[in-house]
Amino acid sequence: MAILEIRHVSKFFGGLAANSDVSFEVEEGSIVGLIGPNGAGKTTLFNCITGYYAPSKGDVVFRGLRMNGLQPDKVCRLGMVRTWQKVRPLTNLSVLENVMVGALCRTNSLFEARRMAQEQLRVVRLDQKGALLAGALPIGERKKLEVARALATRPKLLLLDEVMGGLNPAESEELIQLILEIRKKGITQMVIEHDMKAIMRMSQNIVVLNSGEKLAEGAPEEIVSNPRVIEAYLGAEV
Amino acid sequence: MPSPSFIRRKWITSAGGKRVIPLLLLASGVALLALIPLSVQSTYALHIMILTFVSIIMGSAWNILGGYTGQYSVGHAAYFGVGAYTTMILLQFRHIAPWYGMWAGVGATIVTALIIGSICFRLRGPYFVLASIAVAEIFRVTALNLKDLTNGAEGILVTELPPLKFGDTVITDFTTKVPFFYTGLITALFVIFVTRGVQHSKLGYYFQAIREDQDAAHSLGINPALYKNIALVISAVFTSVAGSLYAVYVGFIDPGTVFSLDVSVQIVTIAIIGGIGTILGPVIGAIVLVTLSEALRSNALTNALIHAGLVNADSRVGVFLKENLSHAHILIYGILVVIVILFMPQGLLGFARRIVTRKRKG
């Protein structure tokens, strides 16, 4: 069953079409990879899905509900949460408090929020760093904090915007394992990533965007052998 | 690298465990303060303390919006003035006692705050600051021109204050400063208590999340417009109460004293000098600023320098200081703010904590 349906979504900025007529579905419980060259409209699509932009045309349907124009806080309460390509830690709050802010979306009790936050910090293996200021974390741990904070809102669908960007191979591997672990909990994920090997390993389905349009969609093995994708990434044969 | 704010956080959250000793200290401190009017006969000392309480209320109120929620309003004179004017108009022209009028002021302020908030919170950062200044100026000019309601530039002078009665027993007739002292003290304590409550609640976490990163907060299920308006209403209500208290205590208001940009800047200064986003920052800021400005105004500083033999009273420097230092309190304010911003961005409180922590470590 599809948890998220993108139906003919377009987003224009003036005359520029950042997304044009993009359609695909996200199966519940799966990991969908969203790839494409720089400027392909991946982050714009995330913004349209999570309520930061209203799509100019088309519909975003989450669990049967049409989401167009719903504000990000409502989207989050309905069970869809995103992380940020450029991490956004609440720098003057502690690591634990950052995650608590996420958990407070589901509870009014600080005590309960603290418990939920500690649980999520264990999942991303930051439980030893809860008392540190979020601003004091190195980039790899900030990325994990983003994931923990998003998980604390108890999402059904998690949208990860380049969580592995800027990480070393060991840290990336750790995040891949984390994403696979999150899938086992039944949380559907949509992942923007540049590392093709990582995307191939994680995703059941891959959507390729190019210049705002959907170029291809399919299983990882189909995508790597698709001539149009190869052309978009490496340029056409002379 | 542990930043100064790291230390700040540690200090604040360390209030969790051993609470008994701080509570005892607090209780004895409050008891001492409450006993002051019994032993201190000097009306001048009481006057300064009342002004300090009003400043604490204003600074702490601003701190909820500016310090915790990160919305730097430089237009809080609007709420101060709405409180002051509502109370005074009802008192002088409708003969309604100020302890009722004050609540009408609070009501008027809530309406004002929601209107201002719904407009100004569309803006972020410096644009919000400018809008808040502009709105307060609109109130000042309005108060100046609505002569039938406000007496315009003449202002409103209290000619009689009805005694506060409980049934038929007269509790106080407000002829001395003592009732104002207790009203100020209790209100100031209440605001500090509320700030503490906010900090240790979901509301406080949401306020701080918006301060740290509004877009991230929005993605985590926080409605920024809603929570900014909540912070503004709490902040405006206490500012309004401070305005009413000030107006009745001084007995005279005009647009230039309660609606002016000076008031807005003073409110922000109290919080910044003490340390924003902390419970005690505005308290320290208020004590420092009121004491300093009174010391300058009354020439106490010059007299002290002369007494200490550092400056000869008849020398050119002595005469210059005597003549000019009392008018220079605004200048000194400015210099103080610059020093604090440059060298103690966490305010006096943050600075003191940093030194203490450094000593402990090494």
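# Exercises on a predicted two-chain model

**Exercise 1.** Which residues of α5(B) are buried, and what covers them?

*Solution.* In this predicted model, the buried residues of α5(B) are P98(B), G101(B), M102(B), G105(B), V106(B), T109(B), T112(B), A113(B), I116(B), G117(B) and C120(B). The cut-off for a buried residue is 20 or more other C-beta atoms within 10 Å of its own. Next, identify the cover: α4 (77–94), α6 (125–145) and α11 (224–250) of chain B are among the elements over these residues.

**Exercise 2.** What is the strand order of the open four-stranded sheet in chain A?

*Solution.* The order is β2-β1-β4-β5 (chain A), and the pairing is antiparallel. Strands β2 (16–27) and β5 (65–66) of chain A form the edges, since each pairs on one side only. Between β1 (residues 2–13) and β2 of chain A there are eight bridges; across this pair, I6(A) faces F24(A) of β2(A). Finally, helix α1 (residues 42–50) of chain A lies across β1, β2 and β4 (57–62), at about 65° to β2(A).

**Exercise 3.** How many residues of chain B are in contact with chain A, and which element gives the most?

*Solution.* Chain B has 20 residues in contact with 28 residues of chain A. On the chain B side, α1 (4–13), α9 (202–212) and α10 (214–219) each give two or more residues. Of the elements, α9(B) gives the most, with five. By class, this side of chain B has eight nonpolar, seven polar and five charged residues.

Key: Residues are numbered from 1 along each chain as its sequence is written. Chains are lettered from A and ligands numbered from 1 in the order in which they are written. This is a predicted model: local features need pLDDT of at least 70, side-chain atom pairs count only at pLDDT 80 or more; totals for chains, interfaces and linings use all residues. Two strands pair if DSSP finds at least two bridges between them. Two residues are in contact if their C-beta atoms, placed from the backbone, lie within 7 Å. Axes are lines fitted to C-alpha atoms, for helices over the stretch in contact, and angles run from 0 to 180 degrees between N-to-C directions. A residue is buried if 20 or more other C-beta atoms lie within 10 Å of its own, exposed if 12 or fewer, and partly exposed in between; C-beta atoms are placed from the backbone. Ala, Val, Leu, Ile, Met, Phe, Trp, Tyr, Cys and Pro count as nonpolar, Asp, Glu, Lys and Arg as charged, and the others, Gly among them, as polar.
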